[in-house]
Amino acid sequence: MTDLGDFSDFAGDDSDDSSDAGRDEQAETAAGNGGSARSESVSEPESATAASSADADRVDAGRDGRDDPDDGGSTDAAGATGATDDADDLQFDQYDADPVGDERGVGAIAVSQGLRVSEDPDRTALRAFVTTGNRERVRLGKYLVVPYPDDELLFCRIVGLEYAQEFQADDATEIHARRAMRRPADEFEERDFKFMAELEPIAVLFSDRGDLKRRMVDRVPKPQATVGEATDATQIKTGLKIPEAGVFLGHLSVGGEKVRTAARPPTIDYRLKDDYADGDPLVFRHTLVAGGTGSGKTHASKNILRQYLAVERSYEMDDGREVQAAVVQFDPQDEYAQMHDDNPAADADDERRWEREGIAYGGHDDTVAFVPTVGNATYTAAHHDAEQIPFTVPFSMVRSRPWLAASAGLNDNQYPALQTLLSRFFDQYGNGGTYAEFCSFLDDPALKEELDESGRIHEATYEAVFRRVRGMPDGVFDQDARPITDLVEQFVKPGRLSVVPTYHVSDSRATETVVLALASLLVDEKLSSDPRFPRIADTPLLVGMDEAHNFLADADTVQARQVVGKFTDAAKQGRKERLGLFLITQDPQDVAESVFKQVNTKVVLNLGDEDAIKSVNIPPALAEKVPYMETGQMVVYSPDNSEPVELLGLPTCLTRHGRG
C-alpha cells in the first residue's frame, strides 16, 4: 500500500502478452522512423536465427581486431571514433547568461489583464508584476512611482495584492494538498506563481523650471515600465500634496509603519497649511479629532494644540496686525492644564528630533486654568502647576441667551414666554439681577394672573416655565467668585492657553450650562458687529471642546436648536472672523450634522463603533483600517490640504501627559 493506492492486484501476470505487444510497438516505431524493421511480419524463429548470426559475426570481428594490434581499422574502433566526432560536432558554444546591469524597482507594469487609466476609477486597470526578491516587502498602501519616457513620473499606491497561477495547472487536488501539508511552512517556490500588485494612480509628477509639481493623471504608463518604491521625500510630499510647512500632526505611515526615505530625517512629516498663500489657514476651517477610549486622542490633541501655541505662529488680522492665537480649551477630564508643564518622560534624544523637524515642544508657560465655581464643588490640581483663576457665570449672561435659564427642554410655546419674562425682569432689575431674584420674580401670583388675563402668557405655560427655571442645578449662577465677564481680558489673551476644567462639577447639567455659557460668549462676540468685548473680536481664537458630542448634539428642544444654530453660524463664518473650532469626541455620530459638515480637517484614531466610523465620512479604503489601528495611529482627511493619508503620531507627548 502506498499513498497513491494499492497496486498489489497488478502483478504482471500477462507479461508474455505485454512483451509481444511491446515488440510489435517497437517494430512499428522503428519502421515509421526509417529503421530496419520489415513491413511484413517476421516469424519468431527467423528473428532468433538472424540475431544469433549477427552476434557471431560481431564476436569474430572483435577477436580479429585483438589478434592484430596494427590493424587500426577494426569495426568497433572505427565505430567508436565516429561516435566521438559526432558528439564533438553537436556541442554548443558557451555564452555568458548573467543579466547585464542592476535591477531597479520592485517589478514592471503588466498588460496581461489590460493597461488603462480612466477618469472613472472603476475602469482603471493598472497592475504590476512583482519580482520574486521583492515580494516580501510589498504591502498594501505603499507608494510607488512609474517613470514615463520623458522623465515624468506616475505616483501611485498599492490597493490590491494577489498570487496568480504562473502555469495552467489545477492545484486543488488531493496530491497537491497532501504534498503541501508535508512541506515545511517556509518552503515555498515563488517562481511557480505570479505576484501581482493592483495600483491606484494618484498624480503625475513633472518638473517645472526645477520645481517638482503634480497634476491629475492624464496619461498611461508604457508596458513593462519599471515600478519602483517611492523613497524620495519631495516626490512623496508632492504626490500627496502635503505642504512643506505648517502645523505638525504626525509622520506619514503605511500599516502602522513610518514611510522611510533616503533623506535625513528619513520620515515624512505631515503638516496642515497655516498661512494665507492658498486661502485662509486651516485652523479657521475647523478640526475634528475622533477616537475611542485608549486610542490616544487626548495625547494627539495636546500635540496639535501645542503647535498652535508656538511663539513664532501668528495670524494676520483685517487691520494688518500679526497676532498670536488665543486657545480656550473646555476640559471635562481635567487633562489639558498639564500642557503648562514639560513632559518628564521626554529625553534629550526626543528633544533633538523635535528641534530637527521644527516641532514646538515643552510646557507652555502661559497656561491658566479658569476654574468654575459651582455650589460646593472643590477643585484640586496636584497633577499640574498651571495658575488657577476661579470664576462664576453671572445671571446677566442669560439676558441675551435665554436658553441658559432652563434646566430641561422648552417647547416652541414656552421659549417665547421665557424670553418675555426675562426681558421684563432685566428691565426692572438691570444687569445686576441674579438667578435667585429671578425665581422670586416668577413666584408672584399677581404677575402670572396679569399675563394670563392679557393673553400674553397662558397660565399653564407660565407654570411650565417657572418649573423649568426652578429646576436649574444649584450653584450655577452668581457664586462667590469673579464673574467671567470681568475676566475677559485674562480669559482671551494672545498666546495664552485658557483651560476650563469641569471634572470637579458632578452635575452634568451644571457642566453643560457652564461650558455653553462661556462658549456662546466667545462665539457671540466673534460674530457681533458691535462687540461688547473688543479683546475677543480682535484676537485670533481657537475654541477647543472635548466630548463635543455632549454639547453640540442634535435634539428636538428649543435650547438644543439654539446652541447648534449658534455654532453652525460660527463654523460658517470662522474663516472671516479668525475663529476656529477644535472638536474632540469619541462619538462623532452624535455631533449635529450642520456643525459637522463645516469641519474641513478630520483626524480619526481607532473607533470600534460602525456608526461612528461611517459618520466621519472618510474614504472607504481608510475607513476599513480604523477599527484595527493601534494607539497613536490616525487617518487624516483634509481635502483642502492633501490626499487622504495614514499617520503615526509622536510616541512621546510634547507636554506633560497622564496622572502618573
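Start by selecting Thr-461, Tyr-462, Ala-464, Val-465, Phe-466 and Val-469, the buried residues of helix H11. The model on screen is a predicted one.

**Asn-413**

From Val-465, go to Asn-413: the C-alpha atoms are 9.9 Å apart, while 52 residues separate the two in sequence. Asn-413 sits in the loop that runs between strand E16 (387–391) and helix H8 (414–429). Is Asn-413 buried or exposed? Its relative accessibility is 61%, so Asn-413 counts as exposed, whereas Val-465 is among the buried residues of H11.

**Lys-566**

Next select helix H15, residues 558–577, and pick out Lys-566 within it. This lysine has a relative accessibility of 17% and therefore counts as buried, the cut-off being under 20%. Which residues are in contact with Lys-566, once neighbours within four places in sequence are left aside? Show Trp-403, Ser-520, Val-523, Asp-524 and Leu-527.

**The cavity**

Over the whole structure, a search finds one cavity of 30 Å³ or more. About 60 Å³ of space lies in the largest cavity. To display its lining, select Gly-141, Tyr-143, Arg-157, Ser-253, Val-254, Leu-622, Lys-625, Pro-644, Val-645 and Glu-646. Colour these by class and the lining shows five nonpolar, two polar and three charged residues. Strand E8 (247–254) and strand E22 (645–648) each supply at least two of the lining residues.

Move to the peptide bond between Arg-264 and Pro-265, which is cis, with omega at about 0°. Pro-265 belongs to the loop between strand E9 (257–258) and strand E10 (269–272).

The other two stops are aspartates with positive phi. Asp-151 has phi near 80°, a positive value in a residue other than glycine. Look for Asp-151 in the loop between strand E3 (143–147) and strand E4 (153–165). At 69% relative accessibility, Asp-151 counts as exposed.

For Asp-334, phi is near 55°, again positive in a non-glycine residue. Its loop lies between strand E14 (326–331) and helix H7 (348–356). Is Asp-334 buried or exposed? With 3% relative accessibility, Asp-334 counts as buried.

**The whole protein**

Finish by clearing the selections and zooming out. The protein has 18 helices and 22 strands. It comprises 660 residues, of which 44% count as buried. The accessible surface comes to about 35000 Å², and carbon and sulfur atoms account for 45% of that. Taking contacts between residues at least 6 apart in sequence, 73% join residues at least 24 apart.

Conventions: Residues are numbered from 1 along each chain as its sequence is written. This is a predicted model: local features need pLDDT of at least 70, side-chain atom pairs count only at pLDDT 80 or more; totals for chains, interfaces and linings use all residues. Side-chain values use heavy atoms; hydrogens and water are left out. Helices (H or I, at least four residues) and strands (E, at least two) are DSSP runs, numbered from the N terminus. Buried means under 20% relative accessible area, exposed over 50%, partly exposed in between (1.4 Å probe, protein chains only). Contact means heavy atoms within 4.5 Å. Accessible areas come from the Shrake-Rupley method with a 1.4 Å probe; for residues, only the protein chains shown count as cover. On a 1 Å grid over the protein atoms alone, a cavity is a set of points where a 1.4 Å probe fits but cannot get out, and a pocket is an open set with protein on both sides within 12 Å along at least five of seven lines; lining residues have an atom within 4 Å of a point. Grid points are joined across faces, edges and corners, and a volume is the space filled by probe spheres set on the points. Ala, Val, Leu, Ile, Met, Phe, Trp, Tyr, Cys and Pro count as nonpolar, Asp, Glu, Lys and Arg as charged, and the others, Gly among them, as polar.
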